[in-house]
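Trainee: Please show me how to read a few features of a protein model. Let us take them one at a time.

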Amino acid sequence: MESIKVFCPATIANISCGFDVLGLALDTVGDLMTVKKQQEKGIEILEVTGQDLPKEAHRNVAGVAGMALLQQADYNGGFSIRIDKKIKAGSGIGSSAASSAGAVWAMNELLGKPFTRRQLVEFAMEGERLASGVAHADNVAPAIFGGFTLIRSYNPLDIIHISPPGELVATVIHPQIEIKTSDSRKILKTTISLEDGIKQWGNLGGLIAGLYTQDYDLIGRSLEDHIVEPIRSILIPGFDALKKHSLEAGALGCGISGSGPSVYALSRSLATAMEVASAMKTVYDKLGIAYDLHVSEIGKSGVRVAFPDS
């Protein structure tokens, strides 16, 4: 192949109790990207639609991630990239990760798959470093692996892929305000109490166990964040009301997606997820805040070849 068009999924990171180590891929929300081989070395961003983002490769996360891959590839040429951004920057559902992951996944396909998915995550993390100042993997890992991912270790990078329970559906509301990940990280504490740590470790273990055993009640009990949510939630208008009404509508749990401002909820069925969406809509309609609303199953495959009519 000389060219490929891919779907690059949005992602939910942290999932309440897993700051910087847990993430999941959405199935129906994401960007489209076309990557093509070219004789000229390096990365050329030909077009970005949907968002006002830099086209200089060293200033664009897709370009930076792609250059990280090229440095390790046995390939004398380069790539051109066209990006149709459907995920708004600063949304909290992995806009930069979608571009970073999509670029390196597509390049790897065109080169005959010389790199493993773990290596692709490492390349994509360089795009995240540009976007937020930190090379975190909780968005790019699920974008590449699909399903849920647990980053057991960053040094060395150790990623555990977890297949999503079949009935799990996500609802995400994105208020039309921007919270930069780099700014959202600055307000976090650098130390936690032992008491909060114990609560968080228990919830993280419970959530992982619930995912493996498809114990939806355990998943719901484990979707609690005692460390990050109390601090970041003050930046999100109506957060407490969103969470309260989502749980009353039947959600298993509700929390901040990534660094915000998006708020996510997980439900056991599509019908419940739609009820949660309606509840979230009611909250923001009353507040008069513009928003985008998404309901999606968990994406099993992560980045994938796009349908011809996409």
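**Reading the model**

Trainee: Which span should helix H2 have, and how far apart are its end C-alpha atoms?

Mentor: The expected span of a helix is 1.5 Å times one less than its number of residues. Helix H2 (residues 95-110) has 16 residues, so it should span 22 Å. Its end C-alpha atoms are 23 Å apart, which agrees. Helices here are DSSP runs (H or I, at least four residues), numbered from the N terminus. This is a predicted model: local features need pLDDT of at least 70, side-chain atom pairs count only at pLDDT 80 or more, and totals for chains, interfaces and linings use all residues. Residues are numbered from 1 along each chain as its sequence is written, and side-chain values use heavy atoms, leaving out hydrogens and water.

Trainee: How many residues of H2 are buried?

Mentor: Buried means under 20% relative accessible area, exposed over 50%, partly exposed in between (1.4 Å probe, protein chains only). In H2, 15 of the 16 residues are buried, so the helix is largely enclosed by the rest of the structure. Gly112 follows H2, with a positive phi near 90 degrees.

Trainee: Which residues touch the most other members of the largest nonpolar core?

Mentor: A nonpolar core is a set of buried Ala, Val, Leu, Ile, Met, Phe, Trp, Tyr and Cys residues joined through side-chain atoms within 4.5 Å. The largest has 71 residues; Ile15, Met33, Val35, Ile81, Val121 and Leu266 touch the most other members. H2 gives the largest share of this core, 9 residues. A second, separate core has 14 residues, including Ile236 and Met280.

Note on methods. Helices (H or I, at least four residues) and strands (E, at least two) are DSSP runs, numbered from the N terminus.
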